[in-house]
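Dear colleague,

Please find below the structure I am handing over to you. My notes on its pockets, cavities and helix packing follow it.

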Amino acid sequence: MEMGLTSDIDDAGRPVVVAVGSIDVQSRDRFLAFGASAMGSTESTELLLDLAGVTFLDSLGVGALVKLDQLAADKQRKLVLRNPSERVVRLLEMVGLDNVWQVETS
Amino acid sequence: MTSNPASPDLDLQAFLSQALEAVRMDMNAATVAVLLVDESAQYLTARAAQGLEEEVRQGSRVPIGLGFAGRIAGERRAMTINRIDETTVVNPILRRRGIVALCGAPLIFEDRLVGVLHVGRITGAFASGEVSKLENHAEDIARRITDWRGQVDGAAARALQEGLTPELPRLPQLDLAARYVPSSQHGVGGDWYDVFTLPDGSVGFVVGDVMGHGLAAATVMGRVRSALRAYAIEDDSPASVLTRLDRKVQHFEFNQLITIVYGILNVQTGRMSVSSAGHLPPIMVPKAGGSCSVPMPTDYPLGVRRPAERHNTQLCLDEGGMLFLFTDGLIERPDADIDARMPDLLAALDGAAGIWAEIACADVMSALLGDDEDLDDDVTVLAIRRHSESSSNRRR
């Protein structure tokens, strides 16, 4: 499935990346590049990933999240997951990553 | 892959000297050179040239972003200069050669910068219309070089994987079998398995997966595999071995992501201690069937930059029972969840309960990879079966 990516800035001035669809072998590079550029767009120390619309994540998609986290750490920033779908949460649990990132629900 | 994989290097040299000659004639140039981006992605190295052979011989290197070729690479666009001095050209060879005009284009294939192609004249300037002619040549050359890189990487990674495939130890108490299958799309990757005896006579076993494909993943795998062995002979706690390995990975293997299951088995008693770093849990296959995933905590994968608390889970491998370890490539399919084919795997293992590990592996591979769909990922499986007392007596 295709992935849609949009970016925004929330009320607290944090960049938000809204991903919709699949983060997988096909979309991971685009997701990474998009996230990295959103991270550089403000001075905020957080990058919000809105994953409410992510319907599918494969192991490379999980890897992309970790890569983005590593890029963020390089720039003294951290990722925050917003509204991850149940499927995303289950997959993160499966690879032991369910407690790595702060999760916000709204 | 279109050309002879046995000699990709000769193949590229032959192609480049032909291609460069054609470019030189077509562009009416005195010199032509190809520089390729090096491993670090920070430098261009001269790879082939005509009229500038010493560039290649001296291994000329240009930092990306600096000088003529460096700027073409940095800005990813074609450029022409009709004034040559130390402010526009870093490379003294170009300046000494008496070149008065240079025209260059980036070598880009599928969005990836491969290098730079440039041509020079000793008399006359380049007209703006000539740039697109050079860009067409650059496109062809970039495609060919990418092709060649794929072959070289593939061949080297295969050799590395083959060289690192461990011989399974022969132990009277254990029946071991393993498989490694490269991805049909990307060739070999970062999967591995390992089984070794430890100084106290127990047996260490590993299945791991370095994320990524090709030579890059395979070389990291090689280093991580031997580092794990080094820690394993000094430490009898799998969680602590993985903690040390994680520290090593975070320090020396920057920005890698690796999942591993590592366990230690007492071959006399069947007692095991197992720890998982982000890896799918092993499957316990009792002699009488009823296979299930081992309930155990999955700690962070290696390379996640967080303080990770790692856990050991104590298990017992009963006589005639089998522990089955695997990488996600076995059960993951495009557009389906990571564990999509878990039920098929459990069924196949139940069918193989109580029989030889080699047969169990063959059955699993045939049940899960038997259809002709393309494999996106490489696949590794390891089966460890404990002989029943009667059969191991017979073997002695």
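β9(B) provides the largest share of the lining of the second largest pocket, namely five residues; helices (H or I, at least four residues) and strands (E, at least two) are DSSP runs, numbered from the N terminus. This is a predicted model, in which local features need pLDDT of at least 70 and side-chain atom pairs count only at pLDDT 80 or more, while totals for chains, interfaces and linings use all residues. Residues are numbered from 1 along each chain as its sequence is written, chains are lettered from A and ligands numbered from 1 in the order in which they are written, and side-chain values use heavy atoms, with hydrogens and water left out.

The second largest pocket holds about 410 Å³ of space. On a 1 Å grid over the protein atoms alone, a pocket is an open set of points with protein on both sides within 12 Å along at least five of seven lines, a cavity is a set of points where a 1.4 Å probe fits but cannot get out, and lining residues have an atom within 4 Å of a point. Grid points are joined across faces, edges and corners, and a volume is the space filled by probe spheres set on the points. Of the 26 residues that line the second largest pocket, A:Val25, A:Asp58, A:Leu60, B:Asp376 and B:Asp377 lie nearest its centre. Two or more lining residues come from each of α2 of chain A and β9 of chain B. The lining comprises eight nonpolar, seven polar and 11 charged residues, where Ala, Val, Leu, Ile, Met, Phe, Trp, Tyr, Cys and Pro count as nonpolar, Asp, Glu, Lys and Arg as charged, and the others, Gly among them, as polar.

The largest pocket contains about 2,500 Å³ of space. Its lining has 48 residues, and B:Arg112, B:Arg149, B:Asp153, B:His213 and B:Ala216 are the closest to the centre. Elements of both chains supply at least two residues each, including α1 (28-39) and α2 (59-74) of chain A and α5 (130-164) and α6 (214-232) of chain B. The largest share, nine residues, is that of α5(B). By class, this lining divides into 20 nonpolar, 14 polar and 14 charged residues.

There are four cavities of 30 Å³ or more, and the largest cavity has a volume of about 150 Å³. It is lined by 15 residues, with A:Ser59, A:Val95, B:Thr259, B:Gly278 and B:Asp328 nearest its centre. Here too, α2 of chain A and β9 of chain B each supply at least two lining residues. Nine of the lining residues are nonpolar, four polar and two charged.

Two helix pairs complete the account. α1(A) and α2(A) pack at an angle of about 25°, with their axes 10 Å apart; axes are lines fitted to C-alpha atoms, for helices over the stretch in contact, and angles run from 0 to 180 degrees between N-to-C directions. These two helices are therefore roughly parallel to each other, a term for angles under 35 degrees. The residues of their contact (heavy atoms within 4.5 Å) divide into 10 nonpolar, two polar and two charged.

The axes of α5(B) and α6(B) come within 8 Å and cross at roughly 25°, so this pair is also roughly parallel. Their contact has seven nonpolar, four polar and two charged residues.

Kind regards

Note on methods
Parallel < 35°, antiparallel > 145°, perpendicular 65-115°, else oblique.
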